[in-house]
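Visitor: I've got a structure to look through and would like someone to talk it over with me. Could we put it up first?

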Amino acid sequence: MHLQDVLPLMSKMYLSRTVDSFLKDVKLNNEEEMRDIIIKNIDEFKNAERVKLNLDFREANRDITLMNRFILKCLLGSEGYILSEKEMHENVLELERQILEDSRDDYFVENKIDETSFRVYSAVLNTAWSKGEALTSDEINILYTLREVLGLTTREHYIMESRIGRFPQKGNKLHNSKHVDQSLKDLQLRGILLRFKTDDVYYVIPHDIVREVRYEMGEELRTATYIELLNSLNIKQIKTILSTININMSGNKDQLVDKIVKYNILPSKALSLLNTSDLTQLLRSLDGSNVSGTKETKIQNIIDYYENVTTTVDSDPTDERSIYYDYFDDLASRNYKALRANKVIEKDNQVEKYFEEATRYLFEKKLKLQLENMKGSKHADGKIKISSKDSLLWDNKSVEKPYTFPEEHLEQFLGYIRSEPTRVSIFLIVTSDFTQEAVYQAQKLKAFSEDDTDVAIITAENLKYVSEVWEEYSGKKEPEFSHQVLNLTGGLNRSSLTSRMEWALK
């Protein structure tokens, strides 16, 4: 979910936490004002440096630091980077129990952590903890640096702490739900995750910042997609990866893959153990992936490919167009990597066609509008009858850069409007993003139409948002979508769409 998708579902307290996380000395009492100011400053919210700074937990309370890391690990490993409140508590505390269990397994520890690194780090860790009930900021920084030098992960640090009775708390005492709640609040105040409520309470890392969070936290791939990557390798390659740890390599492929995951061998580390020709061969099997570049580039290209793979099932198996609707934003922005990785397209030139099909599905199935047939081939991508005398036309423009509305499109759309037997009261352009120049061109097309045609530009993301929430705004048992929601000349943003649904659907 993007930030814009979550904001309408957030109440005052949680909106206030988000505002405070990146806008200082701003005091607002109205929920709508909070939503508006967050959207107006969304670039600051997404700023990579802001995210990185707020993911530095070195000065935080130890319990907060530990819980923050576990919460983010659980979210980054979940589909859509979202968990219900109940799932969050269960998953975080289970992660603690799993690390404790691993730390008691001598065979696991001996094969997971290099003997020299274990001896050196354990000695420094013991010394640091022997001085008191908490580590100082200097000791924490020394341990951070030492882990980097020795190539140890934070999880391995926790394993070694547990062996001296200091993880999760003194005496290996587990944390409780109160600790989880304290960290959930802290991460909201840092502007890293959002809390919202529908049928249940949910926490989500918004899609706008998830890539920065993943790489800063060292979580390169979700477990499900990492397993999919490993399954694309052969037995010999799997055993090459496992050769870095001294364990029994008997078992079938699934069992060996499970061992790689259990021993937490990162995707980048696993792939670095394969030779360049293996990586090239793997890239050639991944549609749309670039096979050229250094070994490091090839590894990153493979990880990038699988990062785009989702396990979301088709939202409407009764209609084959629903898969295109599920990837509406990716089709609009021509995100070829994600579309190929998830088997939505086979060829790049299918994007425009499927974008049109997704839009037709949205109007027909989500907004429950009757689509009209159009004769010939020189016409807009779709038509909806508003009345016996008026209609709505729309046209899809998928773009990799913000849509500028060039002059040739103005002439093209003017031809569509003038050739319609009924008055075109609304002409809608559906795209991925658009410039201010495009808004000026929309106003120009309205003037040239000579029929007072409103020309609106809307992103696929915002149109999909309308299709998902419009019924809630109506408050009716059998609501009917009103074309007035879209009846505007210029750019339809989230704020204007929300206000228009509030009055047009009542």
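Predicted model: local features only at pLDDT ≥ 70, side-chain atom pairs only at ≥ 80, totals over all residues.

Guide: Residues are numbered from 1 along each chain as its sequence is written, and side-chain values use heavy atoms, with hydrogens and water left out.

Visitor: What is the strand order in the open sheet of three strands?

Guide: Strands here are DSSP runs of at least two residues (E), helices are runs of at least four (H or I), and both are numbered from the N terminus. Two strands pair if DSSP finds at least two bridges between them. E1 (82-84) and E2 (194-197) are the edge strands, each with a single partner, so one side of each has no neighbour in the sheet. The pairing is antiparallel, and the order is E1-E3-E2.

Visitor: At about what angle to E1 does helix H7 run?

Guide: Axes are lines fitted to C-alpha atoms, for helices over the stretch in contact, and angles run from 0 to 180 degrees between N-to-C directions. Contact means heavy atoms within 4.5 Å. H7 (residues 85-103) lies across E1 and E3, and its angle to E1 is about 100 degrees.

Visitor: Which backbone oxygen does the side chain of Arg500 reach?

Guide: Arg500 lies in helix H27 (residues 494-504). It's buried (under 20% relative accessible area, 1.4 Å probe, protein chains only), yet Arg500 has no salt bridge, with Asp454, the nearest side chain of opposite charge, 6.9 Å away. A salt bridge would need a side-chain nitrogen of Lys or Arg within 4 Å of a carboxyl oxygen of Asp or Glu. At 2.9 Å, the Arg500 side chain reaches the backbone oxygen of Gln484.

Visitor: Is Thr359 buried or exposed?

Guide: Thr359 is found in helix H23 (residues 351-366), and a polar atom of its side chain lies 2.9 Å from the backbone oxygen of Phe355. Beyond its neighbours within four places in sequence, Thr359 is in contact with residues including Phe328, Trp394 and Leu463. With a relative accessible area of 0%, Thr359 is buried.

How values were computed
Buried < 20%, exposed > 50% of the residue type's maximum accessible area, 1.4 Å probe, protein only. Lys, Arg positive; Asp, Glu negative; His and termini not counted. Polar contact = N/O pair within 3.5 Å; in protein donor to acceptor, adjacent residues only side chain to side chain.
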